[in-house]
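I opened the notebook to look up charge pairs and surface patches. The entries follow in the order I checked them.

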Amino acid sequence: MRSHSSGGRRSKCCGIRVNLIPLLSACVIFMLIFYVWCITQFQWGEERPHSLFRQEKRINAKLDQTAPGSQTTTFLPHLESLPPVQERLPTTTLISKPSLMTTSLDPTQAPITTTHEPTRAPTTTILKSTRPPTTTTVPTTPAPKTTTIEPTRAKTTFKVESTRAAPTNFSSSKPESTAPFIPPKAPEALPTSSALVSPNGSNFTHPGHVELSSLEAWQAYLEASKSDVTSGPLFLLFLCDKDSATGLHWSTLCDQAEASVYSTFSSVVGSNTSYRLVTLRVGSEASFNDTNPFKADFDLRLHAVPCLMRYSRNSQGYGETDFVLEGVNAADTGLLEYAFHQGNNLVHKSVETVSDFATLKRMMRLFEDSQPTYLLFISGTWPQNQRMWCIYCRYREAVVEYAFHKYAAPDAKLIKVRVAALPAEWNEHNPFKKFDVPFIPYLQIVHLDLFEYVFYQPYRGHLDDVETLKAVFERDAFYAAQDEETVPGIP
């Protein structure tokens with residue numbers, strides 16, 4: 001006779017006797033462990049995903065372990081040092097009027113350096129191209145250091161994926177100086193001397209057009225027309241010189257920009273004499289280097305040719321510039337019309353400027369994803385002339401605003417976030433780093449995910465590429481219109 005245990009029969013599973021109580025207990029323990037693991041993956045109280053840029057954080061960790069002076073990579077923008085004491089060059093009296101003008105850019109760009117600044121000066125881009133360009137190239141090698149203060153981080157290059165032919169590099173050195181900010185003195189009245197005549201005559205004729213060949217001639221023009229500087233819009237067009245043997249610009253992109261600027265200026269301005277256009281020749285290819293006076297000037301701070309900007313003087317005597325276009329964008333008809341119309345030819349959408357971290361955080365807490373919203377992180381400005389100390393921010397702001405006003409949804413909102421008033425404040429302790437901003441300028445698209453958390457989608461294109469910006473803004477406008485049709489009356 002068989003004997004049976006007092007506990008009764010065990011259940012069978014696939015022919016194997018199992019005890020259900022230990023099996024169920026093991027399942028419960030496993031689920032608890034998995035639940036605890038899931039909890040540890042979230043950053044409670046945050047309004048965003050915590051690991052959009054884990055790679056950047058790992059690189060920053062490596063940078064923190066690197067000894068000062070060693071060569072490493074970083075994602076900081078090109079930072080400009082504190083402004084030097086303003087010293088104007090001697091001026092001239094007579095200004096000869098123009099004759100021919102052309103424009104160009106070179107894909108190789110020499111960095112801007114000046115002995116007046118405590119840290120490495122901004123880089124200079126010279127672009128040269130024979131095809132319809134769509135990109136601006138910045139230096140891929142570190143700029144020469146001309147100051148006694150060594151940066152803690154070497155110049156960097158950050159490659160962003162895009163449909164453009166050539167990538168734009170973001171490079172910078174981290175300023176180490178913490179000296180108190182000493183503003184430069186306002187420029188004094190300039191003495192006049194003999195006229196400097198441009199050897200590169202232009203066939204373009206307009207009552208408000210003048211062509212000059214040097215910084216001294218430009219300063220003399222300002223002194224001669226000091227009372228007229230605020231009388232109407234004044235635009236500056238920087239072009240390279242022409243080869244005396246061939247009669248062509250040493251940078252072919254200047255040819256395209258010259259023709260586009262003159263044609264657009266004539267069509268927009270017409271015979272209006274209150275508009276003025278000054279063409280400034282930067283010199284030969286050999287002279288357009290780190291010591292070029294247009295690059296070292298505190299107000300102009302030329303970065304590349306061709307370049308167009310609007311110029312005005314404030315009450316302190318400093319020159320303020322905006323609507324800055326360089327490279328291929330200086331030959332874009334749409335951007336040129338936007339600049340010459342001073343932005344009034346497009347229907348403006350909502351644009352706000354925020355410089356306080358607490359204010360931006362509060363705005364994101366109240367965010368409802370009812371309209372396309374974009375965050376453009378840029379640098380602050382020098383208090384004397386309101387020029388942004390980040391050279392790349394300065395040359396991309398007008399392009400982003402133009403594409404936003406022209407292609408974004410009617411109810412879209414652009415929030416310009418000024419991350420730091422001075423270069424020294426843009427470091428690893430900057431509060432805006434919590435928004436996963438590895439460099440500036442930087443564009444993010446704000447959304448709510450399925451769990452109602454604010455999600456910051458990074459823009460992966462080039463901020464000076466109108467076509468890529470157009471595709472992003474039109475895509476968001478299309479989906480916003482579809483949502484409005486699906487749920488009418490609910491934004």
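This is a predicted model: local features need pLDDT of at least 70, side-chain atom pairs count only at pLDDT 80 or more; totals for chains, interfaces and linings use all residues.

Entry 1, salt bridges. I searched the whole structure and got eight salt bridges. I wrote up three of them.

I looked at arginine 281 and glutamate 211, whose side chains form a salt bridge with N and O 2.9 Å apart. Arginine 281 sits in strand β6 (residues 276-281) and glutamate 211 in strand β4 (residues 209-212), so this pair ties together parts that are 70 residues apart in sequence. Are the two residues, arginine 281 and glutamate 211, buried or exposed? I found both arginine 281 and glutamate 211 to be buried.

Next I took glutamate 352 and lysine 413, which meet through their side chains in a salt bridge at 3.4 Å, N to O. Glutamate 352 belongs to strand β10 (residues 350-354) and lysine 413 to strand β12 (residues 413-418), so the pair ties together parts that are 61 residues apart in sequence. Lysine 413 has 19% relative accessibility, so I list lysine 413 as buried, the cut-off being under 20%.

The last pair I wrote up is lysine 416 with glutamate 401, a salt bridge in which the closest N and O atoms are 2.6 Å apart. Lysine 416 is in strand β12 and glutamate 401 in helix α8 (residues 391-407), and the pair links distant parts of the chain, 15 residues apart. I recorded both lysine 416 and glutamate 401 as buried.

Which residues form a negative surface patch? I listed Asp369, Asp411, Glu452, Asp483 and Glu484. I looked up one of these, glutamate 484, and placed it in helix α9 (residues 466-486). Glutamate 484 has 38% relative accessibility, so I count it as partly exposed.

I found a nonpolar patch on the surface made of Phe30, Met31, Phe34 and Trp37. Together these four residues have about 520 Å² of accessible area. Phenylalanine 34 is in helix α1 (residues 20-40). With a relative accessible area of 48%, phenylalanine 34 is partly exposed, as the exposed class needs over 50%.

Technical notes: Residues are numbered from 1 along each chain as its sequence is written. Side-chain values use heavy atoms; hydrogens and water are left out. Patches are made of residues with over 30% relative accessible area and no salt bridge: like charges are joined within 9 Å, nonpolar side chains (Val, Leu, Ile, Met, Phe, Trp, Tyr) within 5 Å. Accessible areas come from the Shrake-Rupley method with a 1.4 Å probe; for residues, only the protein chains shown count as cover. Lys and Arg count as positive and Asp and Glu as negative; His and the chain ends are not counted. The place of a charge is taken as NZ of Lys, CZ of Arg, CG of Asp or CD of Glu. Helices (H or I, at least four residues) and strands (E, at least two) are DSSP runs, numbered from the N terminus. Buried means under 20% relative accessible area, exposed over 50%, partly exposed in between (1.4 Å probe, protein chains only).
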